[in-house]
Amino acid sequence: MKRPKLLNSKNIAILVVLAIAIVLPLFLRTNQYVLFLATTVLLYAVLASAWNIIGGMAGQLDLGAAAYVGLGAFTTGTLLIRFNLTPWVGMFIGALLAMGIATLIGIPLFGFKVKEVWYALSSSALVEVFRAIFMMWNKVGGPTERYLPFSAEGPRSWYLMRFNTYVPYFYIMLALLVVVFIINHRIRYSKLGYSLLALGEDEDAVEVLGVDSRLCKLKALMIYSFVAGLVGGVYGCIYGYLHPSFFSTDMSLEVVILGIVGGMGVTYGPLLAAIFLVSFREYLRASLSGMFPGKGLEGLYLMVYALILIVVALFQPRGIAPLIKRGFLKLKSFVGVK
Amino acid sequence: MDTTSMLQVSNLTVQFGSLKAVNNVSFEIQRGEIFALIGPNGAGKTTAFNAISGLLFPQAGQIVFKGTDITKLMPHKRCKLGMARTFQVVRAFNYMTVEDVVRVGAYNRQGEDTVAAKVDQMIELCGLGEVRQRVCGDLGLATLRRVELARALATEPELLLLDESGAGLNTAELASFMDLLRKINREQNITLCIVEHLMQMVMGLSQRIVVLDSGEVIATGTPHEISNNQKVIEAYLGKRVTQC
């Protein structure tokens with residue numbers, strides 16, 4: 001399949017969605033909660049889209065997202081606290097560091113053909129290892145939060161990447177999402193993309209076709225960890241402090257769930273999943289805990305959320321992307337566009 | 001170095017625990033020929049194949065391909081040198097379309113600008129034009145055998161290893177598949193090494209045969225010689241009971 005043309009109906013649809021996203025904060029300006037929610041949705045969409053490269057395309061169940069996010073956050077934050085380096089630069093240093101660590105771990109893992117469940121466990125352990133390290137490493141981490149400097153407005157606020165509204169964060173995440181989409185699209189229709197898709201299905205079969213599966217997986221891991229590191233840099237600024245709890249297996253798991261529910265190997269899948277699942281989960285949390293106050297049912301939303309995931313896994317094992325695609329094709333034939 | 005030799009296998013031994021699946025096997029494949037490796041179930045044909053293509057490393061012995069020692073080389077590097085293979089149990093990429101699968105192989109020697117032409121050429125050659133947009137998971141065995149062949153050929157090999165590629169095909173499918181193999185051998189000058197159970201395919205195609213039994217070579221020769229070899233008959237059918 002050739003790379004699709006730039007201005008086909010699919011891309012027009014993407015542009016429409018993008019336009020809606022750009023004007024969204026204008027309507028939500030006063031409601032910081034909804035803005036925060038929208039930013040969180042985008043943040044997870046970026047992470048899950050980056051995961052799509054290693055998980056969706058290459059089929060490696062990577063559970064290490066939070067390790068790279070945490071490394072990005074701590075590097076960016078520490079550089080700001082210690083050396084007064086702006087997060088706009090720090091986030092790239094953090095991303096490079098995350099990528100470097102991922103490479104150091106990826107070389108032996110892929111070299112010894114650690115796959116499937118074992119790869120998932122190894123990458124998941126990475127998160128816990130880093131949490132323990134940063135919990136004990138008092139110079140950078142430690143059990144108490146380290147607050148990032150804050151300035152309410154003016155250029156200082158931009159220098160610190162700290163704002164008293166979520167609007168700038170929303171746009172930063174939106175920009176990252178667009179970049180990750182372009183990266184995804186580029187890779188998908190390149191030698192690397194075809195190789196990753198194939199090795200995700202059968203590694204031996206792709207090796208005898210002249211594909212260096214270790215190198216391909218390593219490249220995928222590097223791109224993914226770099227993006228996760230970038231997101232981490234912004235993540236720290238959004239929350240305004242650094243804490244070892246950033247290395248959270250829950251976050252890693254959420255990223256993987258979004259990637260799988262969205263549709264493995266489908267570029268826009270993770271975004272759809274993030275929009276539906278993250279906002280739905282938040283809605284459940286808000287509405288269900290209010291429904292039974294004082295009954296100790298604060299965790300009820302997680303139960304409902306889990307049920308939804310089970311239903312999706314049972315009836316749409318390839319994710320929700322094929323459903324949306326069918327709907328989109330119907331709409332297209334209804335409108336009469338080719 | 002001998003220029004007519006494509007592949008030299010000497011004293012190859014592959015061991016799984018205490019079982020010697022391939023024991024001290026030596027043979028040589030000449031450039032341009034159709035060579036067959038046969039033997040009853042469990043004779044070690046596929047194991048020998050896996051060692052040649054690099055999916056497992058032998059405990060002893062040497063494999064020389066076009067004058068280069070490849071015994072310890074990774075599979076993808078062997079492919080770069082000009083070796084390709086298919087699998088006994090078809091290992092297509094189930095969620096990919098036929099043309100995407102072939103494209104993965106074609107990238108072996110083609111860049112982004114020439115890869116599409118190569119894919120078209122291979123799809124045409126293997127008669128996959130009608131199914132090129134279909135996903136492999138939806139296709140039947142006979143077609144998948146052709147897809148595997150197309151993606152292996154797309155890597156532009158000089159030596160093609162075919163592991164039981166006739167298995168599961170009906171008579172008509174087998175005949176057309178054999179025609180295709182002959183055409184590849186003759187027109188593209190690709191050396192073929194086939195591992196086969198089906199005598200019809202072995203006898204009809206190959207010029208030279210090596211027979212394995214319990215991991216050891218028991219006979220070498222032309223199809224005619226092999227079919228009259230007492231040891232081979234015994235390996236396949238069992239020893240003749242002297243009298244009853």
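How many bridges pair β1(B) with strand β4 (residues 60-65) of chain B, and is the sense parallel or antiparallel?

1. A word on the ground rules. This is a predicted model, where local features need pLDDT of at least 70 and side-chain atom pairs count only at pLDDT 80 or more, while totals for chains, interfaces and linings use all residues. Residues are numbered from 1 along each chain as its sequence is written, and chains are lettered from A and ligands numbered from 1 in the order in which they are written.

2. Let's start with chain A. It has 14 helices and 2 strands (helices are DSSP runs of H or I with at least four residues, strands are runs of E with at least two, and both are numbered from the N terminus). Its radius of gyration is 20 Å, close to the 20 Å from the globule rule for 338 residues, so chain A is as compact as a globular protein of that length (the radius is taken over C-alpha atoms, and the rule is 2.2 Å times the number of residues to the power 0.38). Along the principal axes, the C-alpha atoms of chain A fill a box of roughly 50 × 50 × 45 Å. Buried residues make up 43% of the 338 residues in chain A (buried means 20 or more other C-beta atoms within 10 Å of a residue's own, exposed means 12 or fewer, and partly exposed is in between, with C-beta atoms placed from the backbone). For one example, look at A:Leu323 in helix α14 (residues 321-335) of chain A. A:Leu323 counts as partly exposed because it has 15 C-beta neighbours inside 10 Å. From A:Leu323 to A:Phe334, 11 residues apart along the chain, the C-alpha atoms are separated by 17 Å.

3. Now for chain B, with 9 helices and 10 strands. The radius of gyration of chain B is 18 Å, close to the 18 Å that the globule rule gives for 244 residues, so chain B too is as compact as a globular protein of that length. Its C-alpha box is roughly 65 × 40 × 35 Å along the principal axes, and buried residues make up 44% of the 244 residues in chain B.

4. Back to the opening question. β1(B) and β4(B) pair in the antiparallel sense, over 5 bridges (two strands pair if DSSP finds at least two bridges between them). Within this pairing, B:Gln8 has B:Val64 as its bridge partner in β4(B). Strand β1 (residues 5-16) of chain B also pairs with strand β2 (residues 19-30) of chain B, antiparallel and over 8 bridges; there, B:Leu12 stands opposite B:Val25. The hairpin of β1(B) and β2(B) has 2 residues between the strands, and B:Gly17 takes a positive phi near 65°.

5. B:Ile38 stands opposite B:Glu196 in β8(B).

6. Finally, where do the chains meet? 25 residues of chain B are in contact with 18 residues of chain A (contact means C-beta atoms, placed from the backbone, within 7 Å). On the chain B side, the elements giving two or more residues are α2 (75-81), β6 (83-85) and α3 (98-106) of chain B. α3(B) gives the most, with 5 residues.

How values were computed: Two residues are in contact if their C-beta atoms, placed from the backbone, lie within 7 Å.
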